[in-house]
Amino acid sequence: MDIVINIYVFALGAILGSFFNVVIYRLPRKYSITHGTSFCPHCKHRIMPLELVPIFSYLFLKGKCAHCHTPISLRYPIIEFITGLSFLVAYWRFGLSYATIIAMILASLCIIIAMIDIDTMEIFDRFHIMIFSLALIYVFFISTLGLTSHLIGFFIISVPLYVIAVITNGIGGGDIKLMAVSGFLLGYQASLVAFFFGAIFGGIVAVYLLLTKQTQMKSLIAFGPYLCIGIFIAYIYGLEIFTWYMSLLT
Ligand SMILES: [Zn+2]
C-alpha cells in the first residue's frame, strides 16, 4: 500500500512540475498560462497529450521534438523530477497531514521562483504575496512554534540583508522580501538554517565560477535559487538542525 502512495505522491509532483515548466516559460514573457496549447518553439509542432507525460515522454522521445527532432532542454524533465522528489520528501517527513500540503505548496513556489530568478534575475512580487498567504495559514492553524518566533523570523534575516543591500548594492530587493515572508513562515530558528544553507550553496557555486573564470554565467549568481533550496530544507528539517546546532554550543 505504501509503495502505491509513494508512486502517487511522486506522480502528483511530476505532473504539477510539468505545469510549472509552462508557468516558468510563459510568466516572464507575459503569455497566458491557462490559454493556448504547448508547441515546439522550433517547428511550432503542437505537442500531443502523449508527448506531455512527465519525464517518460522525454525519455521516450529521447529528448527530441517528435516532429523536427530539435533537442528539448533537459531542464523540463529535471524540474518534473525535482518537484516529484520534493513532494515525496514532504510526505516522508510529515505523512498525510496539513504540514505536508504546506510543504508541497512551498516546494512548488520555491521551484518556480528559483527557475524564473535564474532566467530573469527577478523574483516577482506575486510570489512573495503567495508565500506570505501560505505563512498566515501555517502560522495561525498549523505551527506549534508560537507567534513570536514567526514574527522574529520575518526580520531576522531580511533586516541584515537590507542593511547589506544599502551598503553594498549587491543584494536584490526580491531576495530580501523572499527571506522576510519565508522567515515568517519558518520561524526564526529555521530562518537561520534556511539562510545558512542558502549562503553555503550560493558561496560554493560563486567560488567555483570564480575559480573556473566562468563569469559569463551570471545567471548562476542569482541568490534566489540557493535561498529557495535553503528554505525548503529548513521547512523540512530546520528545527531539528537548529536544536542540534544549539546543543553543540551548550
Ligand atoms: Zn519541433
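This note goes through the predicted model point by point, from the overall fold to single residues.

1. **Overall fold.** The protein chain has nine helices and zero strands. In sequence order the pattern reads α-α-α-α-α-α-α-α-α. Along its principal axes, the C-alpha trace spans about 60 × 50 × 35 Å.

2. Of the 250 residues, 41% count as buried. Take the contacts with a sequence separation of 6 or more: 69% of them join residues 24 or more positions apart. The accessible surface comes to about 14200 Å². Carbon and sulfur atoms hold 73% of that surface.

3. **The zinc site.** Which residues coordinate the zinc ion? They are Cys40, Cys43, Cys65 and Cys68, each through its SG atom. The distances run from 2.3 to 2.4 Å. The angles subtended by the four donor atoms are 100 to 114°, which makes the arrangement tetrahedral. For comparison, the ideal angle for four tetrahedral donors is 109.5 degrees.

4. **Where the zinc donors sit in the chain.** The donor spacing in sequence is C-x2-C-x21-C-x2-C. Cys40 and Cys65 are 25 residues apart, and this pair links distant parts of the chain. Cys40 is in the loop between α1 (2-26) and α2 (56-60). Cys65 is in the loop between α2 and α3 (75-94). The cut-off for buried is under 20%.

5. **Positive phi in loops.** Lys62 has a phi near 55°, a positive value in a residue other than glycine. Lys62 belongs to the loop between α2 and α3. At 69% relative accessibility, Lys62 is exposed. Met121 also has a positive phi, near 60°, and is likewise a residue other than glycine. Met121 lies in the loop between α4 (98-120) and α5 (125-142). With a relative accessible area of 48%, Met121 is partly exposed.

6. **Helix α6.** The buried residues of α6 are Ser149, His150 and Gly153. Viewed down the helix axis, they fall within an arc of 95°, so they line one face of α6. Their cover includes α5 and α8.

7. **Helix α7.** This helix covers residues 158-168, and Ser158, Leu161 and Ala165 are buried in it. Down the axis of α7, the buried residues fall within an arc of 60°, so they line one face of the helix. An α-helix has 3.6 residues a turn, so residues three or four places apart point the same way. What do the buried residues of α7 pack against? Their partners are α6 (147-156) and α8 (173-211). On the other side of α7, Val166 and Ile167 are exposed. Asn169 follows α7, and its phi is positive, near 65°.

8. **Ala90 in helix α3.** Ala90 sits in α3. It is buried, with a relative accessible area of 0%. Which residues touch Ala90, leaving aside neighbours within four places in sequence? The contacts are Gly95, Thr100, Ala103, Met104 and Ile236. Ala90 and Ala107 are 17 residues apart in sequence, and their C-alpha atoms are 8.8 Å apart in space.

9. **Ser108 in helix α4.** Ser108 is part of α4. At a relative accessible area of 9%, Ser108 is buried. Beyond its neighbours within four places in sequence, Ser108 is in contact with Phe20 and Phe87.

10. **What to look at on screen.** Finish at Ala90, where the contacts include Ile236.

Terms used: Residues are numbered from 1 along each chain as its sequence is written. This is a predicted model: local features need pLDDT of at least 70, side-chain atom pairs count only at pLDDT 80 or more; totals for chains, interfaces and linings use all residues. Side-chain values use heavy atoms; hydrogens and water are left out. Donors are N, O and S atoms within 2.8 Å of the metal (3.2 Å for Na, K and Ca); water is not among the atoms, so sites may look incomplete. Four donors count as tetrahedral if all angles lie between 85 and 135 degrees; four count as square planar and six as octahedral if opposite donors are over 155 degrees apart and all others between 65 and 115; anything else is irregular. Helices (H or I, at least four residues) and strands (E, at least two) are DSSP runs, numbered from the N terminus. Buried means under 20% relative accessible area, exposed over 50%, partly exposed in between (1.4 Å probe, protein chains only). The arc is that of the directions from the helix axis to the C-beta atoms. Contact means heavy atoms within 4.5 Å. Accessible areas come from the Shrake-Rupley method with a 1.4 Å probe; for residues, only the protein chains shown count as cover.
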